[in-house]
Amino acid sequence: MATKIQHIRTLRLKVKAEGYAWLNAAAIEVNQVWNFANASSYKAARPFAGRPKWLTAFDLDKLTAGASQCFERIGSETIQRVNAEYATRRQQFKLSRLNWRVSKGAKRSLGWVPFKAVQLKRKGKSLRFSGKAFRVFERELLDDVKWKCGCFAQDSVGDWWLCVPIAAEVSHSSAPKLEVGIDLGVGHIASTSDGDKLCPGRFYRSIEQKIAHAQRRAHKRQAKRLHRTAARRRKEALHRFSTKIVREYQNIVIGDVSSRKLVKTRMAKSVLDAGWGILKTQLQYKGQQAGRCVSMVNERNTTRICSSCKALTGPTGLDMLVVRTWVCSACGVTHDRDVNAARNMLSAGRSPPSVSGNESSFSAAPPSQTSRRCEARISALKTAA
């Protein structure tokens, strides 16, 4: 039986071009508020004399009281939202000072204008914020919904987007299949224990030459658009795959492969083009919304261990990465390397964790000599009795 539960999702609607100039000017004012909060917090955390103080959002609001009179576009509510976001990020990273927001030059920060829910109002076919009317694409998505605090955000191309979180009802129902293991790779982005594979789309590699030509001709905007096209294609493919997995399986087990370590190798472009981190994030939040169990396990030796007999007979070493199919010398079963790894991850997800808190091993450890002597003594006493 399906149960409906409310979740918070963010609508991302593109703003029409007539509002870009106003938003660019408002973003400069937001940067000034951020930099003031950054400088004030740093001086309070490391004073010349006296005890240091960690400024909160309330303290920053008191310091910026009346500052809205110095700005033409943003009001006191936006200033309070900037202070709250700064205090949250500073507490999160445990730093006395964060990065400055740059308004001009090659290292310019992407535009960002936060607002409270009461600041954004409907006005006919447009939206009104701080006395300025904006039009967005797909405005019908905002009909009959009540949004919360959001923001206007700018992407690398220069386009502006309206991001508003809304409450949406999601139905929880049992999946038709029980469990699945997923192995992440480069040859195939993802392989499941049932044999399904997500083929590499070569999202960046397919247009790499076009990006290089645009960069050599100094067409920066065209290069940024091509990069955005590759990112959109990647997200679309990963969204389709993750949605399919969440709809079909109740328990999802995925390996904890690290993209940060592999980007330092020769496979950096292929690893980044695969988007493993995006896929993990999508499976986690989609599984949470659908009532699924998504877990991560250690993937060490998963490609070498036979999923049938648990013998460590698979190919090993960097030179053997080209071997994608191998035969177990212990039981004679032929394995696809990626599917076998996914099955081993599924087995690791089934087994409970050890008492010491370490990951459970795939094969049982051989008994020590002390345990063998104890067993021999016990059997001798039983025979004598």
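I take helix axes as lines fitted to C-alpha atoms over the stretch in contact, with angles between N-to-C directions. The model I am reading is predicted.

**Entry: α1 against α3**

I started with two helices, α1 (residues 20–45) and α3 (residues 76–93). How do the axes of α1 and α3 cross? I find them within 10 Å, crossing at roughly 45 degrees. That angle makes α1 oblique to α3. I also checked the hand: α1 passes α3 in a right-handed crossing.

Next I listed the contact. From α1 I noted V30, V33, W34, A37, N38, S41 and A45. From α3 I noted T78, I79, V82, N83, E85, Y86 and R90. I then sorted the residues of this contact by class: eight are nonpolar, four polar and two charged.

**Entry: aromatic pairs**

I searched the whole structure for aromatic pairs and got eight. I followed up one of them, W34 with W112. Is this pair stacked or edge-to-face? It is edge-to-face, with 6.1 Å centre to centre and 85 degrees between the planes. Planes over 60 degrees apart count as edge-to-face. W34 lies in helix α1 and W112 in strand β2 (residues 112–115), so the pair ties together parts that are 78 residues apart in sequence. W34 had already come up in my list for the contact of α1 with α3.

**Entry: the three-stranded sheet**

I moved on to β3, β4 and β5. They form an open sheet in the order β3-β4-β5, with antiparallel pairing. Which strands stand at the edges? I put β3 and β5 there, since each pairs on one side only. The twist averages 40 degrees from one strand to the next.

I then went through the pairings. Strands β3 (residues 121–123) and β4 (residues 126–129) are antiparallel over three bridges. Here K123 has S126 of β4 as its bridge partner. Two residues sit between the strands of this hairpin, and G124 takes a positive phi near 65 degrees.

L127 stands opposite F134 in β5. F129 has K132 of β5 as its bridge partner. This hairpin also has two residues between its strands, and in the turn S130 has a positive phi of about 55 degrees.

**Entry: the five-stranded sheet**

My last stop was the sheet of five strands. It is open, with the order β10-β9-β8-β11-β12 and mixed pairing. β10 (197–198) and β12 (293–297) are the edge strands, each with a single partner strand, so one side of each has no neighbour in the sheet.

I looked up the partner of β10. Strand β9 (residues 190–192) pairs with β10 in the antiparallel sense over two bridges. In that pairing A190 stands opposite L198 in β10.

Which helices lie across these strands? I noted α8 and α9. Helix α8 (residues 276–290) lies across β8 (177–184), β9, β11 (249–255) and β12. Its direction is at about 145 degrees to β12. Helix α9 (residues 337–350) lies across β8, β9, β10, β11 and β12. I read about 125 degrees between α9 and β8.

Notes. Residues numbered from 1 in each chain as written. Predicted model: local features only at pLDDT ≥ 70, side-chain atom pairs only at ≥ 80, totals over all residues. Heavy atoms only, no water. Pairing = 2+ DSSP bridges. Helix = DSSP H or I, 4+ residues; strand = E, 2+ residues; numbered from the N terminus. Contact = heavy atoms within 4.5 Å. Axes fitted to C-alpha atoms, helices over the stretch in contact; angles between N-to-C directions. Parallel < 35°, antiparallel > 145°, perpendicular 65-115°, else oblique. Left-handed = near helix turned anticlockwise from the far one by under 90°. Nonpolar A, V, L, I, M, F, W, Y, C, P; charged D, E, K, R; others polar. Phe/Tyr/Trp six-rings, centres within 6.5 Å; stacked < 30°, edge-to-face > 60°.
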